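Subject: Structure handover

Hello,

Here is the structure for you to look over. My notes follow below it.

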Amino acid sequence: SVVHLSCKTNRIPFIEVNLGAQAEFTSKIIDILHGHHLQRRLSAAVARRVQEQQHQQQQRQHYLRQASVRSSSVAGPSDSPPPGYFWVFVPVAGGPRDIAADDRKKDGLYEVPRCCISQLWCSKSEHSNHLLSFVFTGGDVLTVSPKLVTCLKMQHRAAPTERNLVNALRVGMGDHFADPNLFVDEGCVTLAGEVSRLPQLLEARHTALLDLQLGDPGLTARRLEPYYTSSTSSGGGFAGRPPHNLVVFLRQASGRDFPRGFRERFRETMFREDTEVPRWQHMSLPRISIHGGISFLAHCWDAHGLGPAVARLSEQEKQQQHRALQTGQQQQQQQQEQIPGAYKDSIFSGVVSSAGGFMRKLYFGLVRLPQQPAR
């Protein structure tokens, strides 16, 4: 190509890489690269790949001189995405009926179609186990399933334009006047007025809850490193395995938050029949747009990096809690060991002081007794 020839002429390293087995839209690839750059991993990975390519070229020249060719490849843990659900919740201003195409006056509504593309669409296909829910100010929850991708494709509306997506959401909510020629299958779009009406798809023992904010980590949120390492494959907070399902509540650190109490209502309602309910893990990522963060997280989930990272952080949190508990027990035991000696000393000093006071009173009392005349 022209680019390759220009780089070769100017002695600029040129490498060819891929971001996984799943083909994605160019806009989502840019978001994924942006996410890796914010994590300070992109430049280091490119430099390492350049060194590997130079080493392979040297080996190839050596083997060609010996009339033999050998090829090698490096594969990740798995080419197929995880089988569990990857469910993202996003807070949105206003109400579900406020969603409209080309509406620039409503804060946050522009992100609705962009988030749908980032979470559900991929090049020539769909992310079958991804779910996306928009939580509005009044507590209404609009859940979009990847079935919507196939539904629109079967009606020759495969291009996820803003108007196609907004009309599909409105028709799915029951507003057939938004597009009389469009039919949305049942289950593609679900509007729930309460948390209890959300689909019950998760099991507590196989699910992790992640409260993730984009931007300033604050004092309680830790930085998330959604990358696969060899240490995470053999250990974690889920019996040595990453979580089968992952629920992410995603928001901007300085932006709109979820309605008050929504996190706990979701946790209690979704796992009301389970004895052990998963806890929220509060983490953060560098500042990026909501749809860009979804693209980056979905890529890391499909590449088997996000699940092990959450399991690793869960295990670290359990270890910290265990150490804190042990430290508290040791301090309490030391205090109990010190109490008897101090108590004995206080009793002895009290007895001595009491005895001394009594003797002083007795002495002065005898001295002050009036002398009676002898009979």
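The largest cavity holds about 40 Å³ of space. The model is predicted: local features need pLDDT of at least 70, side-chain atom pairs count only at pLDDT 80 or more, and totals for chains, interfaces and linings use all residues. Residues are numbered from 1 along each chain as its sequence is written, and side-chain values use heavy atoms, with hydrogens and water left out.

**Cavities**

The whole structure was searched, and two cavities of 30 Å³ or more turned up. A cavity here is a set of points, on a 1 Å grid over the protein atoms alone, where a 1.4 Å probe fits but cannot get out; lining residues have an atom within 4 Å of a point. Grid points are joined across faces, edges and corners, and the volume is the space filled by probe spheres set on the points.

Gly 35, Leu 38, Gln 39, Leu 285, Pro 286, Ile 288 and Phe 296 line the largest cavity. That lining has five nonpolar, two polar and no charged residues. (Nonpolar covers Ala, Val, Leu, Ile, Met, Phe, Trp, Tyr, Cys and Pro; charged covers Asp, Glu, Lys and Arg; the others, Gly among them, are polar.)

The second largest cavity has about 30 Å³. Its lining is Glu 24, Lys 28, Ile 32, Ser 118, His 127, Ser 295, Ala 298, His 299 and Asp 302. By class, that makes two nonpolar, four polar and three charged. α8 gives the most, with four. Helices (H or I, at least four residues) and strands (E, at least two) are DSSP runs, numbered from the N terminus.

**Helix pairs**

How do α2 and α8 cross? Their axes come within 8 Å, at roughly 80°. They are therefore roughly perpendicular. Axes are lines fitted to C-alpha atoms, for helices over the stretch in contact; angles run from 0 to 180 degrees between N-to-C directions. Under 35 degrees counts as roughly parallel, over 145 as roughly antiparallel, 65 to 115 as roughly perpendicular, and the rest as oblique.

Lys 28, Asp 31, Ile 32, Gly 35 and His 36 of α2 meet His 291, Gly 292, Ser 295, Phe 296 and His 299 of α8. Contact means heavy atoms within 4.5 Å. The classes are two nonpolar, six polar and two charged.

α4 and α8 come within 8 Å, with axes crossing at roughly 10°. That makes the pair roughly parallel. From α4, the contact uses Glu 111, Arg 114, Cys 115, Ser 118 and Gln 119; from α8, Ile 290, His 291, Ile 294, Ser 295 and Ala 298. It divides into four nonpolar, four polar and two charged residues.

**Sheet**

Eight strands form an open sheet with mixed pairing, in the order β6-β5-β4-β1-β9-β7-β10-β8. β6 (189–192) and β8 (222–223) are the edges; each has a single partner strand, so one side of each lacks a neighbour in the sheet. Two strands pair if DSSP finds at least two bridges between them. β7 (residues 207–214) and β9 (residues 245–252) run parallel, joined by eight bridges. Leu 209 has Val 247 of β9 as its bridge partner.

Helix α4 (residues 111–120) packs on the sheet and touches β1 (86–91), β4 (130–135) and β5 (141–144). Its direction makes about 160° with that of β4.

Regards

Conventions: 1 Å grid on protein atoms, 1.4 Å probe; cavity = no way out; pocket = protein on both sides within 12 Å on 5 of 7 lines; lining within 4 Å.
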